[in-house]
Amino acid sequence: MKLPALLKNNQIDSVLIVTDEGITSLGLMADFLQECENIGLTTVIYDKTVPNPTIENIEEAYALFVKNRCQGIVAFGGGSPMDCAKGVGARAARSNKSIAAMKGVLKVRKSIPPLAAIPTTAGTGSEATLAAVVTDSSTHEKYAIMDPALIPHYAVLDPLLTVGLPPHITAATGIDALTHAIEAYIGKSNTVKTLEYSRKAIKLIFENLFEAYSAGNNMEARTNMQQAAYLAGLAFTRAYVGNVHAIAHTLGGFYNVPHGLANSVTLPYVLDYYGESVYKPLAELADVIGISRQAESIEERAKMFITQVKELNEKMRIPDKLDMIKDGDIPVMAARALKEANPLYPVPKILSQKDMEHLYTSLKA
Ligand SMILES: NC(=O)c1ccc[n+]([C@@H]2O[C@H](COP(=O)([O-])OP(=O)(O)OC[C@H]3O[C@@H](n4cnc5c(N)ncnc54)[C@H](O)[C@@H]3O)[C@@H](O)[C@H]2O)c1
Ligand SMILES: [Fe+2]
């Protein structure tokens, strides 16, 4: 891997590596650590990041960064370590500002230390995005810090790192990437480029995700999924996500549902609920994945696309309901999801509190 030398050539002698215990116990970083040692790059490891990373994770990792006078940050893992690392970067740039004070858009506005992202899941695209999604464990609130300063300076895409990803995580993280691409595509903040990134990502996902799920060591499928996740990240960092993500974030905050799983289950419900407002873009996506014939109406093609999404979930044994949702939590989650989605996300259809509550009730097992 060329990254250690690249960092060293940029006068960085000591880096904080942000990862999680799953990655360290699998020994996934062995080659990278060896290379750092070979060239005399000092490494300090923080591996306590949890899925749905918390503010405590960021503060602990930031304390290590400061104590060891690190000059750069390397995120090694899925979206959780990557977002935790971005949080450390934000704190290093703004040592007088808490994470909570940087919630929302453009609150960092200052360069962070050099940050390199090495994704080991093919899902979040965080290696390409301006977002860090963090959880306040005291309020169960999950929210994003969004600032161009958080876009990693380097991203290393090595499909070998994803070969051992278990099937259920491959499935859920892959549908997270699909959700990014679809929500960006049906939203109202696209550019020619983001539309193209989304289409490419969606095609790659339909062509490769099931293969990566069922034959994990198929390098072509792994390579294409990594590319798809990255492209979907490029799409949504400019064109945003939507109501699926707003709902998924509350499910992560309230019940610790893994992000990919929360999106996978929620995506078909929201697409169905949008109805007519998304027929045209979804019909285009049906064409992109090659399932529609010219003769069919826009509505039919859109519905065929949603059916394909449901079938992909089903083939990968993703459930179509969630059993942890409690009736009593629904009004608060619905209100939080609405607050996240509006006015920030350029959603195709603005939902009401009643719409949202209906969606949560449909999701509930
Ligand atoms: N910043 C963004 O733009 C953005 C976008 C989408 C999601 N997210 C956030 O990312 C987080 C989710 O990230 P994720 O879905 O990548 O999962 P994750 O990072 O939470 O990892 C899930 C599990 O997979 C394990 N794992 C990771 N790579 C592995 C590998 N190669 N082999 C075996 N096990 C491996 C981890 O140890 C962990 O237990 C959520 O908090 C979500 O909100 C961020
Ligand atoms: Fe996501």
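Let's start with a charge and a ring. The charged end of lysine 103 sits over the ring of tyrosine 143, 5.1 Å from its centre. "Over" here means that NZ of Lys or CZ of Arg is within 6 Å of the ring centre and within 35 degrees of the ring normal. Lysine 315 does this too: its charged end sits over the ring of phenylalanine 210, 4.4 Å from the centre.

Some ground rules. This is a predicted model, where local features need pLDDT of at least 70 and side-chain atom pairs count only at pLDDT 80 or more, while totals for chains, interfaces and linings use all residues. Residues are numbered from 1 along each chain as its sequence is written, chains are lettered from A and ligands numbered from 1 in the order in which they are written, and side-chain values use heavy atoms, with hydrogens and water left out.

Next, ring pairs. The structure holds five aromatic pairs. Rings of Phe, Tyr and Trp (its six-membered ring) pair if their centres lie within 6.5 Å; planes under 30 degrees apart are stacked, over 60 edge-to-face, the rest tilted. Tyrosine 240 and tyrosine 345 have ring centres 6.5 Å apart and planes at 45 degrees, so this pair is tilted. Tyrosine 240 is in the loop between helix 8 and helix 9, and tyrosine 345 in the loop between helix 13 and helix 14, so the pair ties together parts 105 residues apart in sequence. Helices (H or I, at least four residues) and strands (E, at least two) are DSSP runs, numbered from the N terminus.

Are these two tyrosines buried or partly exposed? Tyrosine 240 is partly exposed, at 24% relative accessibility. Tyrosine 345 is buried, at 6%. Buried means under 20% relative accessible area, exposed over 50%, partly exposed in between (1.4 Å probe, protein chains only).

Serine 189 touches Tyr240, and also Arg238, Ala239 and Pro346, not counting residues up to four places away in sequence. Contact means heavy atoms within 4.5 Å. Serine 189 is buried, at 19%.

Now helix 13. Which of its residues are buried? They are Ile330, Met333, Ala334, Ala337, Leu338, Glu340 and Ala341. Why one face? An α-helix has 3.6 residues a turn, so residues three or four places apart point the same way. The buried residues of helix 13 pack against strand 7, helix 9 and helix 14.
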